[in-house]
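Open the structure in your viewer and keep the selection tool at hand. The tour moves from one selection to the next and says what is there.

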Amino acid sequence: MKKVLIISYSYPPSNAPAAQRPYAFAKYLDKTKYMVTVLTCSNQDSSLGFDKTKDIRLKDVELVRTKSWIGKGAASFREGGMVSKSEKKGFFKHIKKSIFKTLSSLITPDKAIFWLPSAKNWIKNEMSDYDIVITTSPVFSNHFLGRIIKKKNPNIKWVADFRDYHFLENLEYDNRFKNKLNKRWENRVIQESDVVVFISNAMKEAYAKMYSEASYKMEVVYNGFDPEDYRNLEIKNVASLPIKIFYAGSFYSGLRSPEPLFIILDHLMANKLITKESVHVEIAGNIEISLVESLKKYTSFECLRILGRIHHSEVMQKLVGTSLLWLIVGDKITHYSGVPLKFFEYLAARRPILNFAPSHAEVTSIIKNYSLGWNFDPAQETITEQVETFKNIITQVEEGSLQNPLPSEVLEHFSRKEQTKELEEILENE
C-alpha cells in the first residue's frame with residue numbers, strides 16, 4: 001500500500017473552489033491501495049466563507065492541520081480590506097500588516113505564505129516516508145512545500161497539480177522583478193516535479209507550448225462534480241412552458257457579458273416567436289448595477305428576474321427545475337482554456353446548457369462532443385445564425401423533447417469519483 005500526502009492550504013470547511021479538489025482526491029482515492037494524509041491550514045483565510053456542516057474528517061484519511069502566522073486576518077491586510085479599530089491600534093497587528101504589504105510588493109506571495117513555517121516544521125519533525133506527494137494550487141505556496149519534500153527525498157513521486165494559471169501569461173509582456181522571480185519559481189516546480197496535472201486539455205496545451213521540454217510529464221484531470229452532493233436532489237422532468245433560463249454566478253465586471261442572450265431574445269420577441277410570459281430568465285449571484293442598467297435597453301429585460309445571492313441549496317433546486325442552464329465564458333485565456341466549476345454543477349443537474357463562449361473554449365468542445373446543449377459564439381456567428389439556433393431550441397421545447405433530464409450515463413465521466421480514478425492511473429504510471 002502506497003502512502004500519499006496531499007498538501008493544500010485550502011481545504012474544507014472553506015468554501016473556496018481550491019478547497020474542493022484536494023478534498024475530492026482525499027475522499028475518492030482507493031483506500032485499499034493508498035494510505036492518505038492531508039496537510040492543511042487550521043486557520044485558513046477564505047474569501048467565500050466556511051461551511052461548518054461539512055464533514056472534514058474523511059474515513060481512512062489522516063488530517064493534519066497546522067497554524068498560519070496570519071491566517072484569517074490576511075483579509076484585513078489586503079487593499080480595501082476591512083480593519084476594525086482594535087486592529088488598527090494593535091502594535092503587533094500593525095507590524096504584521098507592514099510585513100504582509102512589503103512581501104506582497106516583492107514576491108508572489110499568496111495568502112498561504114505565512115502558513116509555510118508551521119507546515120515546514122511538521123514536514124521536518126513529523127513526516128514519515130511517503131511514496132507520493134500531491135501539491136495543488138492556485139495557492140503557489142503548496143508547491144514550495146512539495147519542492148522541499150522532493151529535495152529531502154528524491155525517490156518520492158511529486159505530482160504538482162495546477163488548478164489555475166500562475167505566471168505563464170505574464171512572461172512575454174511584463175519584465176518586472178516580481179514577475180521574473182515568480183516565473184522562475186513556476187519553472188522550478190514544472191521542471192523538478194515528476195508529474196504536472198492540469199484541469200483541462202487547453203490549459204495543458206498552453207503550458208506544454210511554453211515548457212516543451214517538460215510536456216512529456218503533463219496530464220489532465222478535470223474538476224468534476226461530487227455525486228454525493230446531489231443525492232438528495234430530485235432529478236425530474238420540467239414543464240415545457242414557460243421556458244426557464246437560469247444563470248448562477250458573477251459576470252466578472254462584464255468579461256462574462258449577458259447581453260448576447262438578450263439580443264437574441266429581442267429578435268425572437270420582435271418576430272413574435274416568444275413573449276415575456278413564455279420566457280423567464282433568472283440570475284442568482286452578484287451583478288453590477290452598471291450591467292443591469294445596460295440590459296434595460298432590451299425589450300426582453302422584462303423577462304429578467306434578479307435573485308441576488310441565494311443559499312447554495314436553493315441554487316441547486318433552481319438548477320434541477322429549470323429548462324435551460326445559461327453558461328458564459330469570457331474571451332480570455334484564463335477563462336476559455338479552463339472549465340468553470342459551475343459547468344460541472346450544471347452537468348450534475350442534468351439540464352441542457354446554453355453556452356455563450358468562444359468556439360475554441362474547452363467547455364465548448366465538451367458540450368459539442370457529449371451533446372449537452374448548444375454553443376453560441378457571438379464573436380464568430382452572426383445574430384441571424386444565433387437566432388436560428390434558438391428557434392430550433394424553441395421548437396424542441398414546444399415538442400416536449402427537452403422535458404426529460406439528460407442521460408446520467410453521459411455525465412458519470414465528469415464526476416469527481418471518476419476523475420480521481422484518472423488521477424490514480426497517473427499515480428501508478430512509472
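The stops below cover a pair of helices and then several salt bridges.

**Stop 1: two helices**

Bear in mind throughout that this is a predicted model. Select residues 259-270, which form helix α8, and residues 383-399, which form helix α14. Two packed helices are described by the angle between their axes and the distance between the axes. Here the angle is about 70° and the axes are 10 Å apart. An angle of 65 to 115 degrees counts as roughly perpendicular, and α8 and α14 are therefore roughly perpendicular to each other.

Now show the side chains where the helices meet. On the α8 side, select Leu261, Ile263, Ile264, Leu265, His267 and Leu268. Their counterparts in α14 are Ile383, Gln386, Val387, Phe390, Lys391 and Ile394. How many of the residues in this contact are nonpolar, polar or charged? The contact of α8 with α14 has nine nonpolar residues, two polar and one charged.

**Stop 2: Asp194 and Lys150**

Side chains of opposite charge can pair when their charged atoms come close. The whole structure holds 16 salt bridges. For one of them, select Asp194 and Lys150, whose closest N and O atoms are 2.7 Å apart. Asp194 sits in the loop between α6 (177-192) and β6 (195-198), while Lys150 belongs to helix α5 (residues 141-152), so the pair ties together parts that are 44 residues apart in sequence.

Which of these two residues is buried, and which is partly exposed? Lys150 is buried, with a relative accessible area of 13%. Asp194 is partly exposed, at 30%.

**Stop 3: Lys296 and Glu293**

Next, select Lys296 and Glu293, another salt bridge, with 3.0 Å between the closest N and O atoms. Lys296 is partly exposed, with a relative accessibility of 45%. Glu293 is partly exposed too, with a relative accessible area of 44%.

**Stop 4: inside helix α16**

Select residues 416-428 to bring up helix α16, then pick out Lys421 and Glu418. Their side chains form a salt bridge, at 3.3 Å from N to O. The two residues are three apart in the helix, which means that about one helical turn separates them. Lys421 counts as partly exposed at 43% relative accessibility, and Glu418 counts as partly exposed at 30%.

**Stop 5: a network**

Last, select Lys27, Asp226, Glu228 and Arg231 together. Salt bridges with shared partners join these residues into one network.

Conventions. Residues numbered from 1 in each chain as written. Predicted model: local features only at pLDDT ≥ 70, side-chain atom pairs only at ≥ 80, totals over all residues. Heavy atoms only, no water. Axes fitted to C-alpha atoms, helices over the stretch in contact; angles between N-to-C directions. Helix = DSSP H or I, 4+ residues; strand = E, 2+ residues; numbered from the N terminus. Parallel < 35°, antiparallel > 145°, perpendicular 65-115°, else oblique. Contact = heavy atoms within 4.5 Å. Nonpolar A, V, L, I, M, F, W, Y, C, P; charged D, E, K, R; others polar. Salt bridge = Lys/Arg side-chain N within 4 Å of Asp/Glu carboxyl O. Buried < 20%, exposed > 50% of the residue type's maximum accessible area, 1.4 Å probe, protein only.
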